Structure formats: C-alpha cells, structure tokens
Amino acid sequence: MSKKILVTGGTGYIGSHTVVELQQAGYEVVIIDNLSNSNAEVIDGIVKITGIRPTFEKIDLVDMDALKDVLNRHKGIDGIIHFAASKAVGESVQKPLLYYKNNLVSLTNLLELMPEHNIKGIVFSSSCTVYGEPDQNPIDESAPIKPATSPYGNTKQINEEIINDFVHSGAPIKSIILRYFNPIGAHPSGEIGELPLGVPQNLVPFITQTGMGIREQLSVFGDDYDTPDGSCIRDFINVVDLSKAHVIAIERMLENKSDEKVEIFNLGTGIGLSVLELISVFEKVSGKSLNYKIAPRREGDIEKIWAQADKANNVLGWKANETIDDTMASAWKWQLKLREKNII
Ligand code: WQD
C-alpha cells in the first residue's frame, strides 16, 4: 500500500515539480490549491510526465471547514508537504494583511488537524529570506535569524516559530523545514515549469520572457553593490534538484530516520552567482542577446547570499546536481514550449 502525501500548493511551480518526484517515488498524491497563482492545467503536465493523475481539491487552506471536509474525504494521509503561500516580496509590502492571514492561518489550520487525522509529518517550504542580509557567506543553518526585510520574509520566520512551538507543546507530529535559496529552471520534459501570472517578479522568468520578446527589456536592479561586478549575488538551485529533497525529507520523517522532532536544512548549490553572470549564462545557452539595462536598486533586496549546504548533503544525503547551464537551458526550453502551445 503506497503512502499518501498531501501537497498544498501542488499546482504551483515547486509544488508541481515535487508532485512529479513523489509519484515517481511511488507515493499517492492529493493536491490542495486555491489556484490564486497557478492554473489546473498544470496537472495535465504532471500526467504527461508520470502517467498518473493526482487527486486535486480546489480549496483555500484559510477555510477551515473546507480543509476539514477534504481530510475527511481523503483518509489515510501520511504526510504533508506545505507549499501554499503568497510569495512575492514586493506585493507583501503593499498587502501585508493578505500575507499574514494567508501564510499564517493556512499553516495553523493544517497543524491543528494533523493529530486527529494521524498525519505524522509536515515538510515546510521556507526560504533563505529568513536570514536577512548575511554577515558572511556561505551561510549555514546556525546563522542568526535577522529582522525580516519584508512581510513575506516575516511570515516565513513566524511560520517556523509556529511549527517549533506546536511540536514542542507535545503535538504528536514531526517537521522538516527546508530553507530554499533561489529555485529556477523547469522539468527537462518541458511539460511543467515556472509560469507566474502577470508580470514576473522573479529574475529568471523575466529573463526568458524578455528573450522571447514578451517583455521589452529586463531591468537589472542595481550594479553598485559590493560584489565583483556590482550586481547582487544569489544561489540559484535547479527546481528538480530542489523537489527531490522534499521526497527525501518526507521519507526521513515517515520512516522515523531521525529522533529530532524538528530539523532545518538549507537547500542550495553552495555557489554564488551574480545577476549579470546569470544573464551571460542565459545568452550562452539560448544563443540570444538579452536586452537589459541597469536600473535603481529594488527595495528589500539582499546584496549577496549563498548556501552552505553541507548539512543537507551529509544528513539528508541530498546534493544539487544540475549545472547552471543545464538549468538555464531548461528554463529557456520551457519558455519555447509555452510559445509553441500559444500559452504566452
Ligand atoms: C533575484 C535577483 C533582484 C528581477 C525571492 C524570495 C525568495 C524566493 C525567490 C519564493 C535580485 C534581481 C530580479 C528583475 C532583477 N521566493 N532581479 N530584475 O528576491 O532573491 O528571492 O524570490 O520562493 O524567498 O526572497 O529573487 O528572482 O526576485 O531576485 O535585477 O526583474 O535578481 O534584484 O538581486 P529574490 P528574485
């Protein structure tokens, strides 16, 4: 009997890639998503890759009655991977209450129902944004948590505290918190990838849409930072590599491989790359010359951050394997597929 995993936000970018990896590892998947930042056609892409249609429930996790109904109709869920959240740094500054309500109540609703449904573990999608501007790089899990630079980042910090407090109150559950660096790229099949609604906030979809002529020009937010070429530095991690870490994490909890009730892991490549360097990689793999300009800094941006991923490598037995060239090539292949299908 295969174990059953609830994936919240499962039609989203990282969620959909994780559903594929879970199915290919033999798990049964139930997706919950409110489709506020994704569409249900993503499920067709998942089916094209795995041949297995996951169960899908369109509800908002903030609606406790709707969540209770889903859990009562889908008995036997063994674990949860919780992606569903609002995630745009800039938008969170404009709409803080939306972010606090959505990102905090969604989690507390899930946690509250886990014990009565005998759900043993929850993997939480966190972010390197909890570290703020690191004092030094690479940054490991022992680095201090600094005051958040946005309501989005604050919700991630508070979410982690909620999990810790609930587990340490004696709740019969475990949690693994995964702090992502910058997820980019797309599934090599070209069937699923990052498809932000409206104007992309994140760098890579803006690059590929500019390469496709959908966007006129990329603005590089600042080249006067204290970095070799003046642009910000990030740890860009392939989304499939990232998704594989979630399968390892859920297995670790369900198979009781650790005595710890809450574990935290940085998920990154350990390599820092600048915005301008990433643009060069895109131009190399796509053969396109990217139209960009240097623009003023974006409020709230971290200057430089990249992961010390030894703990995930040594304890989880997970490593980011894909090269940045192959990752950017997968993002471009996805953009070409979207045009082929007249999606954008
Ligand atoms: C990366 C770099 C920008 C757009 C955020 C969240 C993180 C995660 C990923 C959810 C920065 C520069 C960007 C553009 C640019 N969120 N940039 N022009 O801000 O590092 O991380 O998104 O999972 O938790 O904090 O990602 O892609 O927005 O920016 O120059 O049009 O690219 O200034 O230096 P970020 P990003």
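**Entry 1: a loop residue**

I started at N256, which lies in the loop between α8 and β11. Helices (H or I, at least four residues) and strands (E, at least two) are DSSP runs, numbered from the N terminus. I looked up phi of N256 and found a value near 50 degrees, positive in a residue other than glycine.

**Entry 2: ground rules**

I noted that this is a predicted model, where local features need pLDDT of at least 70, side-chain atom pairs count only at pLDDT 80 or more, and totals for chains, interfaces and linings use all residues. Residues are numbered from 1 along each chain as its sequence is written, and side-chain values use heavy atoms, with hydrogens and water left out.

**Entry 3: two domains**

I looked up how the protein is divided. Domain 1 covers 4-185 + 236-267, and domain 2 covers 203-234 + 271-340. These bounds come from an automatic or database domain assignment. The domain centres, taken over C-alpha atoms, are 24 Å apart. Domain 1 gives 28 residues to the contact and domain 2 gives 31. Contact here means heavy atoms within 4.5 Å.

Next I checked the area. The two domains bury about 2,600 Å² between them, 68% of it on carbon and sulfur atoms. Buried area is the accessible area (1.4 Å probe) that two parts lose on being put together, summed over both.

On the side of domain 1 that touches domain 2, β7 (182-184), β10 (236-238), α8 (239-254) and β11 (262-267) each give two or more residues. I sorted the residues of that side into 14 nonpolar, 7 polar and 7 charged.

I then counted 11 residue pairs in polar contact between the domains, both residues at pLDDT 80 or more. A polar contact is a pair of N or O atoms within 3.5 Å; within protein, one must be able to donate a hydrogen and the other to accept it, and residues adjacent in sequence count only if both atoms are side-chain atoms.

**Entry 4: salt bridges**

How many salt bridges are there between domain 1 and domain 2? I found 0. The structure holds 17. The term needs a side-chain nitrogen of Lys or Arg within 4 Å of a carboxyl oxygen of Asp or Glu. I picked out R73 and D69, whose side chains meet at 3.0 Å, N to O. Both lie in helix α3 (residues 64-73), 4 residues apart, about one turn of the helix.

**Entry 5: the ligand**

I found 17 residues around the ligand, the closest being S127, L203, S219, R234 and D301. The cut-off is a heavy atom within 4 Å. An N or O atom in the side chain of Y152 is 3.0 Å from a ligand oxygen. For N182, a polar side-chain atom lies 3.0 Å from an oxygen of the ligand. F221 uses a backbone N or O atom, 2.9 Å from a ligand oxygen.

Key
Nonpolar A, V, L, I, M, F, W, Y, C, P; charged D, E, K, R; others polar.
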